[in-house]
Amino acid sequence: MPDIIARFDEWGVDERQFWLRGIEPPKAVDYDPETRMWHVYGHPEIVHLLSKPRVFSSNLQRLMAPELGVDNPEHTYDELLYMDPPEHTRLRKLVSHAFTPKVVADLEPKIEALTHELLDEAEVSDRLELVSALAYPLPVIVICELLGIPAADRDLFRKQAESLMPATSDDVTLVGRFEGQEEVTKTVIKRHKEFAEYLQQFIDQRRREPREDLLSGLVHAEVEGERLSDKEVASLVDTLLLAGHLNTTMMLSNTVLCLDAHPEEFRRTRQDRSRLPGVIEESLRYLPPFSVTSRVTAAEAELGGVVIPPDQLVMVWLGPANRDPRVFDAPTEFRPERNPNPHLTFSRGIHFCVGAGLGRLEGRVALNVLLDRFSELATVPDEPPAFIRTAQMFNAHTLPLAVSS
């Protein structure tokens, strides 16, 4: 069984994900004069940064809008992902109700039943394409059921969720536009508009006839004595999509890849399912779905002994931070027994992933079902996984597996 690092080249994983290949960043905090962007790679530095939302702002629009060709208020980013307090605090409280420990725990039987149903529908013989058969549809169906929206519209949800990824293109700089930028911007705006129009029918329906679902709760919720606007409801649904979908899809695939590359850990986990939570946490550290997020300095800030001026774009590299040798022993090794395992995959602070608990549950339940149903579960040398080439994500678009009952 080849080492997983050797596999990255075989699979076509983006070479800019240097940390996956055991290479350390040059500095904990670095500045690129060509793009006029700051890069933070160190774990302690990122923990500090994420604890200071008023200094390291999530509101990228004021800095990025001119570069993205956004010229009017209709095109502004108003998702929770890009909000600062107090607006963020006000709306985050509503979203958090969808992911309380009790709500999440009560979903376990449904998640297990859905996993079996999806695998039955896949009509598996000796091959299973994990992403399309399970890793993608499972979290989409769960979040649709929470909201009370038809799961049959899952493809629309997938396009919308992908459009919500942080606006930090590998090609974005602060010194000019990149090729095709206007077309990319138009596409994103178009998707947001189409999705808002799609949601409007359900929002209108819930205003007239409330149901026992999350969308009804958002439509009729009051914050400081006022109902949410339709635009705010749509924005929160966007957040729920991102929190409850993309991370889980990638986490499930990445955990299978980690186990496949470490057969002894796979054997032990198959025999002792109590190891699954540790395996999932270490997979989140080792192959995080999202490698980077972004902030803008709202004031002069000192970080890791470096002074960063105000109004600077700061790229926050969670992937390299998860392998910071100051925090993790043997950071390039896959060790499910790590305890503690303070990875930053779900971020920290006020923007900690609201769907983290649900994602962990979906991953544990789905992996248990896969191990119960298949005595063999392995990658196929002649059918390697296909990855989206980007430095920002470790995302298998397809993951063919050889299976046997």
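Select helix 14 (residues 276-286) and helix 16 (residues 356-373) in this predicted model; helices are DSSP runs of H or I with at least four residues, numbered from the N terminus. Their axes lie 10 Å apart and the helices pack at an angle of about 120°, where axes are lines fitted to C-alpha atoms over the stretch in contact and angles run from 0 to 180 degrees between N-to-C directions.

Helix 14 contributes Leu276, Pro277, Ile280 and Glu281, while helix 16 contributes Arg360, Gly363, Arg364, Leu367 and Asn368.

Now turn to the largest nonpolar core, which has 101 residues. Such a core is a set of buried Ala, Val, Leu, Ile, Met, Phe, Trp, Tyr and Cys residues joined through side-chain atoms within 4.5 Å, with buried meaning under 20% relative accessible area for a 1.4 Å probe, protein chains only. Helix 12 (residues 230-261) gives the most to this core, 13 residues.

Select Phe157, one of the residues with the most contacts inside the core. Leaving aside residues up to four places away in sequence, Phe157 touches Tyr136, Val140, Cys144, Leu147, Ile149, Phe195, Tyr198 and Leu241.

Finally, colour the chain by burial: buried residues make up 54% of its 405 residues.

Residues are numbered from 1 along each chain as its sequence is written. Local features need pLDDT of at least 70, side-chain atom pairs count only at pLDDT 80 or more, totals for chains, interfaces and linings use all residues, and side-chain values use heavy atoms, without hydrogens and water.

How values were computed
Helices (H or I, at least four residues) and strands (E, at least two) are DSSP runs, numbered from the N terminus. Contact means heavy atoms within 4.5 Å. Buried means under 20% relative accessible area, exposed over 50%, partly exposed in between (1.4 Å probe, protein chains only).
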